Amino acid sequence: MALIALFERYWEDAVPLAIDDTGRLSDDGPHSPDVLSPTDRRLLSLLVAGVSDKTIASQTRLSRRTVQRRLQSLMERSDAATRMQLARHAARHGWL
């Protein structure tokens, strides 16, 4: 039972492996740093810094609603239920 729980825990945090034609690990997998647009990367960095949505919108010249929508989209992509989980995912998967 303990091994099953351990497996499930590791499986939950697993990252898909991307192998290129030569059999080597590829850098263009689904969680590589270049997956995010520069705007999304900036949104995440401001979010992690603790900046409010209103200030993020002002600094990125986006509407507050657009900021919220893009962050929600990033949360869905990372299967994060909270913004803290999104920040953790971003840090662990090279999104920042």
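Accessible areas here come from the Shrake-Rupley method with a 1.4 Å probe. On that basis, the chain in this predicted model exposes about 6900 Å², and carbon and sulfur atoms supply 54% of that area. Of its 96 residues, 28% count as buried. Welcome to a chain with 5 helices and 0 strands; here is a tour, topic by topic.

**Overall layout**

**The nonpolar core**

- The largest nonpolar core has 15 residues.
- Those with the most contacts inside this core are L44, V67, L71, L74, L86 and W95.
- Four helices, α2, α3 (53-60), α4 and α5, each supply at least two residues of the core.
- For a closer look, pick L71: leaving aside residues up to four places away in sequence, L71 touches L43, L47, D53, R83 and L86.

**Helix α2**

- The buried residues in α2 are D40, L43, L44, L46 and L47.
- These residues cover an arc of only 165° around the axis, which puts them on the same side of α2.
- After α2 comes G50, with a positive phi near 90°.

**Helix α5**

- Within α5 (residues 83-92), you will find L86, A87, H89 and A90 buried.
- Viewed down the axis of α5, its buried residues fall within an arc of 165°, so they line one face of the helix.
- M84 and A91, on the other side of α5, are exposed.
- Among the elements that cover the buried residues of α5 are α2 (38-48) and α4 (64-77).
- G94 follows α5 and has a positive phi, near 75°.

**Rings and charge**

- If you are looking for aromatic pairs, the count comes to 0.

- R61 has a phi near 60°, a positive value in a residue other than glycine.
- This arginine, R61, lies in the loop between α3 and α4.
- Exposed means over 50% relative accessible area, and R61 is exposed, with a relative accessible area of 79%.
- D79 also has a positive phi in a residue other than glycine, near 55°.
- The loop that holds D79 is the one between α4 and α5.
- With a relative accessible area of 71%, D79 is exposed.

Terms used. Residues numbered from 1 in each chain as written. Predicted model: local features only at pLDDT ≥ 70, side-chain atom pairs only at ≥ 80, totals over all residues. Heavy atoms only, no water. Buried < 20%, exposed > 50% of the residue type's maximum accessible area, 1.4 Å probe, protein only. Arc of directions from axis to C-beta. Contact = heavy atoms within 4.5 Å. Core = buried A, V, L, I, M, F, W, Y, C linked by side-chain atoms within 4.5 Å. Phe/Tyr/Trp six-rings, centres within 6.5 Å; stacked < 30°, edge-to-face > 60°.
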